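User: Hi, I'm new to reading structures and would like to go through one with you. Could we start once it is on the screen?

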Amino acid sequence: MKKVTYSDYLNYTKQMIKIEDTATEYKLEEIHQCKDKGFKIILEDKEEAVQFINYVLELENTQYAITKNEIERYHSHFITKDFKSKEADIVYKKNGEDIFFLIEQQSQIDYSMAYRILNYSIEIIRNAVKKEKLKNKGYKMPIVYPIVLYTGSRKWNARRYFEECQMKLKGLQKTTFTSYNLVDINNYTEEELWEQQNFLSKILLLEKAKQKDKIKEYLREIEKKALNDKEVNVLLKMVCGSIGRKIEEKEIEEFIRKMKNKRGGNSMLTALEEYFDNLIEEKMEKVETREKDIKVKEKDIKVKEKDIKVKEKDIKVKEKDIKVKEKDIKVKEKDIKVKEKDIKVKEKDIKVKQKKFQEKEKEFRQKEKVIATKEKILQDRENEINKLIEQEKKQNMYDIIKRMLRNSLNEKTILLMTEISKEELEEIKKE
């Protein structure tokens, strides 16, 4: 079996995880995952889990305290697309009841936590609910008790109640929708964590401690305790990961050496090899997944390239058609320009003709006025002539009647021959 040293681990992690010394936060998630997996391993232990749940829900030292035989791991394959990279860490179910304990470990503040917890809780309930009993009056819905274990350096300031993240209707009383129980290590003193009689509190203490001397002191005290293989494995991961960033490499190597001497070389070597093998295996799985994704993407790219080629051919055909149409358009434009010139010439001719027509029209109107004047003069003369003729005719008639009267012609005969009235005849007699 190949011997694995801490130097080998450091060389491995330097290749897999790059860290910026001047940054306040590490850019890659692998560092946080290393620490997060340590807490996950601890909480996968039922004994540690029930101690933690009882403490958070204030059930310890009561008749309602939960025992490790009352819970079982609930494997939740329900993660939605929105949070597929942030799956809920651990879910426990109480035996025989639809009561769930959701434990989510956070090393950084997540301001979407209330929304995430809501999604996780709804999905757990959706999977656990007995649909055939939903319409029964006495049926009790499943319940989820969410717990967020926060191990970051800054104090947690994200909203715990979902309703605090929602819009509010003025005048409506406050109603609680959903929330989560928060365990923020920043709210506990190092002394309070040390007094807790469980392995998780010791790891939280190492995570919280910032002074090198304190960390070394706590490590020396933890060395004295009887740790099982699982706890040793978790402790090594934490020391080689997040806790290891706070102290010198020599101190880490010394701690590993002491643990090795205490537990025996073979068990320590096995624990380290198992740890590195798990890291490499996880990396290989990620690489394989990425390779599969790349192959799928390459196939998609090839299909898209074929589509692009077909489209390029279509575009070339369309470009040719466009060029032909452009030529036709240019010919038509030339014809239009020629026609426009002809139209301009015709417009000029029309303007000239219009001007001549207007002049002739003016002359015609003047002539019409002259003709109208002459016609009026002629009409007046004609009227005078007609009047004179009538007068002359009348005078002639009167002369004839006078002769008839002198010749003693009968009046009736005169009236018949001349067709004049008696009154007129009487007037002529008077004359």
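User: Which residue caps the N-terminal end of H11?
Analyst: Asn-410 does, with a side-chain oxygen lying 3.3 Å from the backbone nitrogen of Lys-412. Please keep in mind that this is a predicted model, where local features need pLDDT of at least 70, side-chain atom pairs count only at pLDDT 80 or more, and totals for chains, interfaces and linings use all residues. Residues are numbered from 1 along each chain as its sequence is written, and side-chain values use heavy atoms, with hydrogens and water left out.

User: Which residues of H11 are buried?
Analyst: In helix H11, residues 411-418, they are Ile-414, Leu-415 and Thr-418, where buried means under 20% relative accessible area, exposed over 50% and partly exposed in between, with a 1.4 Å probe and protein chains only. Helices are DSSP runs of H or I with at least four residues, strands are runs of E with at least two, and both are numbered from the N terminus.

User: Why are they on the same side of H11?
Analyst: They cover an arc of only 100° around the axis, which puts them on the same side; the arc is that of the directions from the helix axis to the C-beta atoms. On the other side of H11, Lys-412, Leu-416 and Met-417 are exposed.

User: New topic: how many residues of S3 are buried?
Analyst: Eight of the eight residues in strand S3, residues 99-106, are buried, and both faces are covered, with Phe-101 among the residues on one side and Leu-102 among those on the other.

User: What is the bridge partner of Leu-102 in S4?
Analyst: That partner is Pro-146, and S3 and S4 (residues 143-150) pair in the parallel sense over eight bridges, where pairing requires that DSSP finds at least two bridges between the strands.

Conventions: Polar contact = N/O pair within 3.5 Å; in protein donor to acceptor, adjacent residues only side chain to side chain.
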